[in-house]
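Visitor: I would like a close look at one part of this model: the side-chain contacts. Please take me through the charged pairs and the aromatic pairs.

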Amino acid sequence: MNIMNERDRYFMQKAIELAENGMNSNSGGPFGAVIVKNDEIIAEGYNKVSSENDPTAHAEIVAIREACKKLNSFQLDDCIIYTSCEPCPMCLGAIYWARPKKVFYACNREDAAQIDFDDQFIYDEFEKKMEDRHINFAKLMRENALPTLKKWQAKENKTKY
């Protein structure tokens with residue numbers, strides 16, 4: 001069970017306010033996020049999909065990008081993300097790659113679906129075989145790409161992530 005304390009409530013309220021501000025400025029959908037480290041907001045974001053014509057400009061992604069730049073790292077070690085809504089599949093993937101220690105969310109995916117932000121079709125696509133997906137995916141030139149993967153595997157001075 002997640003019991004939020006007053007500090008958590010404060011940061012979540014900031015995420016909710018960002019969602020409202022982004023929505024009111026016609027930047028995108030009603031979603032906001034803040035990233036906190038050591039009880040300090042280090043990054044914030046709100047949805048900018050329609051204002052930046054960028055389908056990846058979700059609140060969490062915007063905040064993750066800002067936080068990683070500020071921390072000069074591709075990982076959010078010891079950070080907490082507060083987001084006004086349960087992360088969509090894309091944001092969930094980005095969150096796992098960024099590796100924060102915790103995520104708090106306010107609304108859930110069902111709440112988002114009720115206002116026409118329904119990601120269920122994406123969750124459904126994950127369950128399908130590649131050839132049965134809505135968007136056509138076709139494997140091409142694997143044999144040409146594999147040597148690059150093998151070079152990465154043998155590379156001595158790589159930054160693992």
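Guide: What follows is a walk through the salt bridges, a charged surface patch and the aromatic pairs. Keep in mind that this is a predicted model.

Start with the salt bridges. The structure holds five. One of them joins the side chains of Arg-7 and Asp-39, at 3.0 Å from N to O. Arg-7 sits in helix H1 (residues 6–24), while Asp-39 is in the loop between strand E1 (32–37) and strand E2 (40–46). The two are 32 residues apart, so this pair links distant parts of the chain. Arg-7 is partly exposed, at 36% relative accessibility. Asp-39 counts as exposed, at 51%; the cut-off for exposed is over 50%.

Next, Arg-65 and Asp-54. Their closest N and O atoms are 3.9 Å apart. A salt bridge is counted within 4 Å. Arg-65 belongs to helix H3, and Asp-54 to the loop between helix H2 (49–52) and H3, so the bridge ties together parts 11 residues apart in sequence. Arg-65 is partly exposed, with 42% relative accessibility.

Glu-125 and Lys-128 form another bridge, with closest N and O atoms 2.8 Å apart. Here Glu-125 is buried, at 14% relative accessibility. Lys-128 is partly exposed, at 35%.

Asp-116, Asp-118, Asp-124 and Glu-127 gather in a surface patch of negative charge. Patch members have no salt bridge and over 30% relative accessible area. Asp-116 has a relative accessible area of 73%, so it is exposed. Asp-116 lies in the loop between helix H5 (109–114) and helix H6 (120–127).

Turn to the rings. The whole structure has six aromatic pairs. Tyr-10 and Phe-11 make an edge-to-face pair, 5.3 Å centre to centre, with 70° between the planes. Tyr-10 is partly exposed, at 46% relative accessible area. Phe-11 is buried, at 4%.

Phe-74 and Tyr-161 also pair edge-to-face, with centres 5.6 Å apart and planes at 70°. Phe-74 is in the loop between helix H3 (59–71) and strand E3 (79–85), and Tyr-161 in the segment after helix H7 (142–154), so the pair ties together parts 87 residues apart in sequence. Phe-74 is partly exposed, at 41% relative accessibility. Tyr-161 is exposed, at 62% relative accessible area.

Definitions and conventions
Residues are numbered from 1 along each chain as its sequence is written. This is a predicted model: local features need pLDDT of at least 70, side-chain atom pairs count only at pLDDT 80 or more; totals for chains, interfaces and linings use all residues. Side-chain values use heavy atoms; hydrogens and water are left out. Patches are made of residues with over 30% relative accessible area and no salt bridge: like charges are joined within 9 Å, nonpolar side chains (Val, Leu, Ile, Met, Phe, Trp, Tyr) within 5 Å. Accessible areas come from the Shrake-Rupley method with a 1.4 Å probe; for residues, only the protein chains shown count as cover. Lys and Arg count as positive and Asp and Glu as negative; His and the chain ends are not counted. The place of a charge is taken as NZ of Lys, CZ of Arg, CG of Asp or CD of Glu. Helices (H or I, at least four residues) and strands (E, at least two) are DSSP runs, numbered from the N terminus. Buried means under 20% relative accessible area, exposed over 50%, partly exposed in between (1.4 Å probe, protein chains only). Rings of Phe, Tyr and Trp (its six-membered ring) pair if their centres lie within 6.5 Å; planes under 30 degrees apart count as stacked, over 60 as edge-to-face and the rest as tilted.
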